[in-house]
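Look at the fold first, then at the details.

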Amino acid sequence: MTRSLLRFPLFYKILVANAVLVALVTVASVATASVAAARENTSIAMLLGAAVIISIIVNALILRLALIPLKRLEETAARVQEGDLSARVPESDLADRDIERLATMFNMMLDSAEAYRSRLRDVAVRALTAQEEERRRIAQELHDGIAQTLAALRVRLRVARAAEGETRQDALESISTDIGAATEEIRRIAQGLRPPALDMLGLSPAIESYARSVAEANGLRIDTDIVATDGMLSPDAELALYRIVQEALSNVARHSGARSARVDLDVANGTVQTVISDTGRGFAVAAEMARGGLGLFGMQERGAYLGGTVEIESTPGGGTRVRVTIPTVETARHV
Ligand SMILES: Nc1ncnc2c1ncn2[C@@H]1O[C@H](COP(=O)(O)OP(=O)(O)OP(=O)(O)O)[C@@H](O)[C@H]1O
Ligand SMILES: [Mg+2]
């Protein structure tokens, strides 16, 4: 009973409370008036009855007016729930300071939700474009490379079959060498699709080897201190961490201007912690994130997807540090 009374809309609660108050005052007045002037009882009662009704109506109108801002808030929330993310609570001269603050916060939340959504859309479009590009490249490599080589080998095999003696032997030898080259070519294409080092060597050596290749390719010095993590992360988490390190190191090489960088990977408190740091020019993280850098955003999304975090600290002129924390399989199981 109390519960269902409490669930009444705020408007009716206030209205009923006011009505009860008015009624009590009226009853008290009637009682006083009837004692004072017994003969005029009837007309006083009628007058007071009319006063009660008028005051309830005035009360209702004022309340309706006062609660308009809340109503607008509710309507906006309903529109958002129906999928209209562009809906915002309109400004209202009737709003008190609390409601105004509530509306402003609500609008700010909607702004950031919309910005987040549009970035996700950018990432999705970019991922799809990259995927198409990758397919086109692979198709071309298969067509121009492997398919041509195999076609040529077939012709040479036919020629070799018709030949005899040493000529035949030499032709077969050369064909065998070219088959070896074609196999190598296929391996190279496969390597472009998924980092083979990850499967062949495991996460830690794969990261070390990648850091070495970035260092060599860019004339950088990259020191590593990386512990073994065998079995601590799921294959998905390993791949994601590898990609995060790739992005962070590619940023170091492309943007930092640093001569040296570090990759440290350690296991602590049920998490795998990886820090990629450089001594380069640094940058304003919040400004770059707001500008919509998809590399940084992608790193953070990957980290969050794994139940971990990616913290990016950077000061202009003071270098950059990307700290990736990912729970181990064991920790993730207990959460
Ligand atoms: N280690 C770094 N040192 C200096 N500036 C950096 C570093 N990492 C990122 N930045 C700055 O932050 C910006 C955003 O980085 P982000 O990785 O999101 O995008 P990007 O590298 O420009 O493009 P991509 O989408 O190809 O990664 C960079 O353009 C660069 O100005
Ligand atoms: Mg980048």
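Q: What share of the contacts in the chain with a separation of 6 or more is accounted for by residues 24 or more positions apart?
A: The model is predicted. Take the contacts in the chain with a separation of 6 or more, then keep those between residues 24 or more positions apart. Their share is 67%.

Q: What is the radius of gyration of the chain?
A: The chain has twelve helices and five strands. For 335 residues the globule rule gives 20 Å, and the chain is well over that, so it is more spread out than a compact globule. Its C-alpha trace spans about 145 × 50 × 40 Å along the principal axes. The radius of gyration is 37 Å.

Q: Which residue follows H9?
A: Its phi is positive, near 70°. The residue is glycine 257.

Q: Is glycine 295 buried or exposed?
A: Glycine 295 lies in helix H11, residues 294-305. Its relative accessible area is 18%. The cut-off for buried is under 20%, so glycine 295 counts as buried.

Q: Which residues is glycine 295 in contact with, leaving aside its neighbours within four places in sequence?
A: Contact means heavy atoms within 4.5 Å. With neighbours within four places set aside, the contacts of glycine 295 are Arg126 and Glu247.

Methods: Residues are numbered from 1 along each chain as its sequence is written. Chains are lettered from A and ligands numbered from 1 in the order in which they are written. This is a predicted model: local features need pLDDT of at least 70, side-chain atom pairs count only at pLDDT 80 or more; totals for chains, interfaces and linings use all residues. Side-chain values use heavy atoms; hydrogens and water are left out. Helices (H or I, at least four residues) and strands (E, at least two) are DSSP runs, numbered from the N terminus. The radius of gyration is taken over C-alpha atoms; the globule rule is 2.2 Å times the number of residues to the power 0.38. Buried means under 20% relative accessible area, exposed over 50%, partly exposed in between (1.4 Å probe, protein chains only).
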